[in-house]
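Here are my notes on the model, point by point. Please keep the structure open while you read.

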Amino acid sequence: LITMGDASMEATISQSDSTAQQDSLFSMTDVFLFSLITGLFTYWFFFRKKKEEVPDLPKMQSVAAPVRDSSFIEKMKKTGRNIVVFYGSQTGTAEEFANRLSKDAHRYGLRGMAADPEEYDLSDLSRLSEIDKSLAVFCMATYGEGDPTDNAQDFYDWLQEADADLSGLRFAVFGLGNKTYEHFNAMGKYVDKRLEELGAQRIFELGMGDDDGNLEEDFITWREQFWPAVCEHFGVEATGEESSIRQYELVVHTDVNMNKVYTGEMGRLKSYENQKPPFDAKNPFLAQVTQNRKLNEGGERHLMHLELDISNSKIRYESGDHVAVYPANDSSLVNQIGEILGTDLDTIMSLNNLDEESNKKHPFPCPTSYRTALTYYLDITNPPRTNVLYELAQYASDAGEQERLRKMASSAAEGKALYLSWVVESRRNILAILQDMPSLRPPIDHLCELLPRLQARYYSIASSSKVHPNAIHICAVTVEYETKTGRLNKGVATNWLKNKVPDENGSNSLVPMYVRKSQFRLPFKPSTPVIMIGPGTGIAPFIGFIQERAWLKQQGKEVGETVLYYGCRREREDYLYREELARFRQEGVLTQLNVAFSRDQAEKVYVQHLMKKNKENIWKLLNEGNAHIYVCGDARNMARDVQNTFYEIVAEFGNMSQPQAVDYVKKLMTKGRYSLDVWS
């Protein structure tokens with residue numbers, strides 16, 4: 001329009017002077033009006049632009065801030081809470097404990113909420129004192145070699161960097177760990193120490209649960225002393241007996257669109273039908289099993305090698321990483337629970353959180369069927385914890401059974417002993433308890449509310465992505481044992497994987513999985529020697545390591561000494577990957593292959609015995625070659641015995657005292673030259 005105006009002006013000015021006066025006046029008027037209109041339009045255009053742009057700036061700033069409800073302080077104020085229980089949880093236990101503590105609060109006239117630190121801004125801890133009688137509790141599990149859990153990583157990073165003044169914060173910490181690991185309860189200890197350093201006030205001592213002992217008893221013992229300390233600090237008293245409070249309400253769907261019903265997905269509805277990367281814990285990839293073969297030639301156990309096809313998934317992995325798989329419970333166990341409780345398992349239902357402000361709307365994906373929940377979402381094979389027994393007790397019509405359940409859930413010494421013997425040591429799962437207590441018949445929806453989530457299982461990847469970019473290999477042994485009650489208990493994941501046989505249409509051989517990164521890594525320089533110790537299925541990551549060293553050698557790289565110490569029961573029974581290892585040895589990639597057969601002779605021979613035979617060579621590789629050590633397998637005995645053997649070798653050949661040798665090995669760990677991938 002401006003250009004048109006300019007053209008009109010030029011046309012008008014260029015007209016002949018001999019034009020009639022009327023025409024001239026008209027032209028001048030035209031020019032004036034056009035100029036006025038053009039000027040007004042130009043002014044309006046720029047003015048309008050400013051009016052729109054100025055308010056946009058704060059809008060853009062607000063978008064840049066987290067859109068999630070990241071202030072737990074505002075949420076607590078809004079909902080009248082004064083206790084927040086944060087959890088760092090990898091397998092769901094710490095989250096379960098946090099929920100129990102937050103529910104406890106109502107007994108003391110307080111209100112609690114469990115919170116995932118990943119969902120909130122933890123720098124708000126400095127503002128918690130704005131709330132009357134406020135307290136922050138931290139249930140922190142330690143993962144791997146002293147690491148934080150995935151959901152607590154950001155919180156851990158913040159604590160390390162923070163210089164916040166937390167002098168108004170009152171706190172308590174309960175750590176979840178395992179004494180068979182080198183860094184027992186490292187995360188709980190760190191959070192407890194660091195909060196105090198930042199000025200926070202500890203109102204009760206650090207609790208340390210040991211999963212190698214009795215984690216449930218450790219938690220109950222700490223909890224029964226924790227609440228009296230809270231009462232004393234705030235000057236409050238218990239309002240009465242512990243009562244059963246439902247957290248979720250049941251909604252049964254009689255007329256529902258089946259396309260809106262969850263059938264086992266972990267996150268997004270229909271995510272298994274319409275797969276979209278990136279794949280992670282909330283969005284697993286459905287990998288097809290292309291190979292499932294038995295590795296052992298004899299014996300009672302079933303050791304297997306599986307290959308998962310990850311073509312077109314964009315999943316990347318490194319040797320030493322872990323693959324997580326989501327298993328399904330045995331359908332016969334699910335059916336038996338349905339029969340005992342007289343329930344139609346195909347009923348479509350939702351369990352909706354009664355606390356509308358909670359971030360957790362359902363205990364598992366809803367709507368779904370009871371069958372799906374018991375198959376894919378709930379843990380029905382582990383012995384239930386005491387809080388589950390307490391809540392279920394009200395549904396036992398027999399007074400003796402009700403009293404027995406309440407006693408096992410109590411903090412009395414007799415009750416703890418009964419729970420330990422009747423539930424834990426007898427390995428009674430929920431089905432066994434229902435079978436052995438005929439009057440106990442809870443509503444299935446309350447049972448589903450109480451049972452913990454079925455967790456992913458982690459396996460060390462037994463392949464190298466350099467050699468197998470489109471496949472992930474798993475090495476596993478099926479778990480099967482007889483309990484004290486004469487029942488046959490089977491491991492959920494290993495027996496489920498055992499039945500994943502490749503078929504033509506592939507429907508039966510799909511495994512929901514994702515990759516979890518690990519610190520278990522080959523040295524940066526291929527020329528660095530490596531000493532690998534992995535008996536049994538602990539050989540898994542070393543198959544990947546050796547494959548990678550072979551590939552590097554083929555690329556013309558200088559590859560250092562590659563030494564393996566492997567152990568099994570009998571040479572002719574369970575010598576895993578025998579042919580592959582022999583080939584690697586023949587090709588010169590594996591410079592030493594030391595195999596201990598523990599039961600082929602009168603005296604048992606383990607990997608540490610072979611290490612002692614080669615102690616001079618081990619010291620030379622360590623001291624002169626700067627070798628890296630890798631240990632994979634059983635944490636309780638093997639890893640400890642191997643570590644003690646290294647202490648002996650270092651003390652003898654390094655001319656050191658025992659404390660100096662221990663310090664030497666610990667420094668190797670700190671430098672990343674002694675790595676562990678162990679389980680108990």
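1. Overall make-up. Of the protein's 680 residues, 50% count as buried. This is a predicted model. The chain holds 22 helices and 23 strands. Among contacts with a separation of 6 or more, 75% are between residues 24 or more positions apart.

2. Confidence. The average pLDDT is 89, and 89% of the residues score at least 70. Residues 1-29 fall below 50; this stretch has 10 contacts in the model beyond near neighbours in sequence. Residues 43-68 also stay under 50. For them the model has four contacts beyond four places in sequence. Where pLDDT is low, the predicted coordinates should not be read in detail.

3. Helix α4, length. Does the span of α4 agree or disagree with its residue count? Helix α4 covers residues 93-104, which makes 12 residues. At 1.5 Å a residue it should span 16 Å. The end C-alpha atoms are 17 Å apart, which agrees. The expected value is 1.5 Å times one less than the number of residues.

4. Helix α4, burial. Nine of the 12 residues of α4 are buried, so the helix is mostly covered. Among them are Thr 93, Glu 96, Phe 97, Arg 100 and Asp 104. Ala 94, Ala 98, Leu 101 and Ser 102 are buried too. What covers them? The cover includes strands β1 (83-88), β2 (112-115), β3 (135-143) and β5 (170-177). It also includes helices α7 (215-234) and α10 (386-393).

5. Arg 385 sits in the loop between α9 (370-377) and α10. Is Arg 385 buried or exposed? Its relative accessible area is 18%; the cut-off for buried is under 20%, so Arg 385 counts as buried. Its side chain makes a polar contact of 3.4 Å with that of Glu 96. Leaving aside neighbours within four places in sequence, Arg 385 is in contact with Thr 93, Glu 96, Phe 97 and Arg 100, among others. Its contacts also include Leu 215, Glu 216 and Tyr 419.

6. Salt bridges, Arg 127 and Glu 74. A search of the whole structure finds 41 salt bridges. One joins Arg 127 to Glu 74, with the closest N and O atoms 2.6 Å apart. Arg 127 lies in the loop between β2 and β3, and Glu 74 in helix α3 (residues 72-79), so the pair ties together parts 53 residues apart in sequence. Arg 127 is partly exposed at 24% relative accessibility. Glu 74 is partly exposed as well, at 39%.

7. Salt bridge, Glu 318 and Lys 466. Here the closest N and O atoms are 3.9 Å apart. The pair links distant parts of the chain, 148 residues apart. Glu 318 is in the loop between β10 (303-309) and β11 (322-325). Lys 466 is in the loop between β14 (457-460) and β15 (471-477). Glu 318 is partly exposed, with a relative accessible area of 32%. Lys 466, at 34%, is also partly exposed.

8. Salt bridge, Glu 414 and Lys 407. These side chains meet at 3.2 Å, N to O. Glu 414 counts as exposed at 55% relative accessibility. Lys 407 is partly exposed, at 29%. Elsewhere, salt bridges that share partners join Glu 74, Lys 77, Asp 124, Arg 127 and Glu 130 into one network.

9. Strand β9. Which way do β9 and β18 run relative to each other, parallel or antiparallel? Strands β9 (residues 285-294) and β18 (residues 510-516) run antiparallel and are joined by four bridges. Phe 285 has Met 513 in β18 as its bridge partner. β9 also pairs with β10 in the antiparallel sense, over six bridges. There, Gln 288 stands opposite Asp 309 in β10.

10. Arg 640. This residue is found in helix α21 (residues 635-653). At 42% relative accessibility, Arg 640 counts as partly exposed. Its C-alpha atom is separated by 8.8 Å from that of Glu 182, which is 458 residues away along the chain. Beyond neighbours within four places in sequence, Arg 640 is in contact with Lys 179, Thr 180 and Ala 635.

How values were computed: Residues are numbered from 1 along each chain as its sequence is written. This is a predicted model: local features need pLDDT of at least 70, side-chain atom pairs count only at pLDDT 80 or more; totals for chains, interfaces and linings use all residues. Side-chain values use heavy atoms; hydrogens and water are left out. Helices (H or I, at least four residues) and strands (E, at least two) are DSSP runs, numbered from the N terminus. Buried means under 20% relative accessible area, exposed over 50%, partly exposed in between (1.4 Å probe, protein chains only). Contact means heavy atoms within 4.5 Å. A salt bridge is a side-chain nitrogen of Lys or Arg within 4 Å of a carboxyl oxygen of Asp or Glu. Two strands pair if DSSP finds at least two bridges between them. A polar contact is a pair of N or O atoms within 3.5 Å; within protein, one must be able to donate a hydrogen and the other to accept it, and residues adjacent in sequence count only if both atoms are side-chain atoms. pLDDT is the predictor's confidence in each residue, from 0 to 100.
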